[in-house]
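Trainee: Could we go through this model together, feature by feature? I would like to learn how each one is read.

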Amino acid sequence: MVNSRQALSIGAVTLMGVALAGCGTSSAQGTGAATHSGSAVTAAPVRGGTLNVGIDSDFVTLDPAMSSALIDRQAFINIFDPLLKLSPTMQVEPNLVTHWTVANGGTTYTLFLRHGVKFQDGTPFNAQAVIYNWQWEMNPANASPRLSDLSLVTHLAAPNPYEVVITLKAPYSALLSVLTGRTGMISSPAAMKKWGSAYGLHPVGTGPFKFVQWIKNDHMILERNPLYWKKGQPYLNKIVYTPITNPVQEYNALVTGQVNVIDSVPYQDVNSLSSNSSLRYAHNAGLGYADMELNTQAAPLNNVHNREAIDYAINRQALNQLLYFGHAIPAYTQFSPATWAYDPHITVPFSDALAKAQLVKAGNPHGFSFTLLGENDPATVQEMEAIQSELAKVGINMKVEPVDFTTLLTDAINGNYQSDLLGWSGRPDPDQNSYAFDTTGGSFNDPRYSNSQVDSLLLKARETVSQAVRKQYYDEAATIVLHQAPYIFLEYTPVIQAWSPTVQGFQVYPDGLMRFSKTWIK
Amino acid sequence: MLTFIVRRILTLIPVAFIVLVVTFSLIHLTPGNPAYTILGEQASPQAVHLLDVKMGLTQPVAGQFIHYVGQVAQGRLGVSLLDGQSVMSLILTRLPVTLELAVLAVLLSLAIALPAGILAAYRPNTWVDSLSRVLALIGAAVPNFWLALLLVYVFAVGLHWLPSLGWIPLSQSVPGNLVHLVLPVIVLALPLAAVTSRVLRGELIEVMHLLYIQVARAKGISEWTVVMRHGLRNALVPVVTVVGLQIGALLGGVVITETIFSLPGMGQLVVNAIFDRDYPVLDGSVLFMAFVVLLANLCVDLAYAWLDPRIRYS
């Protein structure tokens, strides 16, 4: 299972690719001939055809209310239309919600729903359906991973069939961004009731494609949704997803024509893509990052100077060249270049001298020892060994311990580790990339980090509407976090996707999700 | 003979029980909670606990084991923790893929090993024998994941003769099915063929020096008949033993081969169940595979009697 936290553990030279993408300021895409983040549309779209899609792991569940795996979102984005959508530059735009208002100091959101939309089973999409989904997710007995997204909701109301009023216990500036994800993907209540706990095998949404068949580890088939509210779309008759867990094999499948598009490309093959006129690709900065988590409650990393020494001793540029073939961007904060919260000036230098000075301050002039847990795939082990050799130069003895992902996640959550190599797939709003990670007791705060100033800054940023003001709060918080080093941010991971020239109207998005409503086969 | 078969089948029960104890213990001793992989890291402790209760994981491991054994005794393998699908239906969906792969791999390995072993034994210490020996060494030494990628690179990416991965059911297209299996079957068959051919060579050389072979030759029987009818049949008993033992190794190889070629078989089912800590799927699949290995060995025992009429079971 590939979870949002796993994908960025570089585990995959390709898995990272699944991670997400970013366009924004640092995109570089190309083909042998054309250079577009999407395939150039040179003629009128043609209806029909089957698109074969290679994905780097199999889906886990097709129920957005119960999904925590990153890969599931590749299916959801085409089966379910989110209430709000993301633009190619990660801006929130209307979709099933046509417009919205925010009142009472940011604690009341009113969403106005699109009229005439139907679920793929023919039942109407309306405010009752939205509230039914959210109430189900907010019921602790259902153990939905969406519960944390809705934890601030105190009341839901539907004054009329096309209006949903959300009352929050505190302002939450990331709410609209949350509604572009799985929490904003609404299932047919009729289908949820019909299938019960087996709904994850029979999803029904309002998206451009309806679910037909899923044979695990083999393929999943979607077909055009004839009830789709955007007239004339989608163009494709069918999409067939094939999970291909070996990164080299996924790329081979594209080269041999067995699939038309792949969700990630091994880093070592990116350069050869640029000279291959029979393939198209896009290479963008991602929303996510790879990082080390340092347990601030366990010796020796409970000493901030030991943590800072690690920060200075790692040569991020060298790691980028060695592991990512130069396709990543060195990371120092949780906010990638694909988001508006990115600030290129927040960095620390690579300096063995500074690292050694920190070791002296820590009272360990000759270094110290600790263990790094990481996933037991070759790419992650290679990354851990590269870090190990960097740290050895300043006398820090890091033991590498590869484990399987479930063990890694369980140990990280329970604080049963000194440091680990995990990543984060990233989200469009900076709150989603920082609040749960950095605030005291946050649900992603594996390092058990606690700093009242960071808590206060991130809370203020969450409750502020102005993006410019929020940016200042995030800059301040990111600077503190960087220097206190509960995390060692390593690289912002790129999204690299490739397709055959017959695929038209496909555009690579910063979140890495492959949207096929406008795609057609030439 | 019938008594022998019944007795052997009955011995499957304690063996299966031991397999169950080992599998169940190992996976439960491995750290990691499936609730985290299902719910993700942001799940509240309450949600994790609720799911643990729902999955029956809050009971002591011994209690869980007794409950599971009780279910298995009634022929129920349970349901997947991830999506509630019946474990038996998951196994039955994937079994045809693995079965076809394994049967074809054994047949291809025999098709390579028998002529190679016979030729090497018939002309020992000649260039034919040396060539056969070198190829067998390579076949046994090359890791199958490397061989798989090499074959894909040459025959799929380079020459475009064969698909690089995937699976088409026999019911959908026989040629399509076979074309997709060529590379995986070769990957599985070569190491088997290497071992089998070496065993056959050794046995056949030994047999060909026995007195009854000299008698056969003295009677003026053609060399072909001497080797094929008199020599080979007697040399096959140990070969069958080796092939039977290799069924277990083959199921291990299937795990890797299915993953590389994206074949939806038992191997992928087991690998994913391990990573996801999907205990019922893992226990059920391993139990099922253990049965297959035990049955294969039973068939090997029965084949002895067919090959050598002096062997009698009672």
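Trainee: What does helix 10 (residues 223-260) of chain B span between its end C-alpha atoms?

Mentor: The expected span of a helix is 1.5 Å times one less than its number of residues. A straight helix of 38 residues would thus reach 56 Å, whereas helix 10 of chain B spans only 45 Å. Helices here (H or I, at least four residues) and strands (E, at least two) are DSSP runs, numbered from the N terminus.

Trainee: Where does helix 10 of chain B bend?

Mentor: A bend is the angle between axes fitted to the seven residues ending at a residue and the seven starting there; in helix 10 of chain B it is about 45°, at B:Leu232. Just after this helix, B:Ser262 takes a positive phi of about 50°.

Trainee: Where in chain B is confidence lowest, and where is it highest?

Mentor: This is a predicted model, in which local features need pLDDT of at least 70 and side-chain atom pairs count only at pLDDT 80 or more, while totals for chains, interfaces and linings use all residues. Residues are numbered from 1 along each chain as its sequence is written, and chains are lettered from A and ligands numbered from 1 in the order in which they are written. The score pLDDT is the predictor's confidence in each residue, from 0 to 100. Where it is low, the predicted coordinates should not be read in detail. In chain B the mean is 85, with 97% of residues at 70 or more; confidence is lowest in helix 2 (residues 34-39), at a mean of 75, and highest in helix 8 (residues 174-207), at 92.
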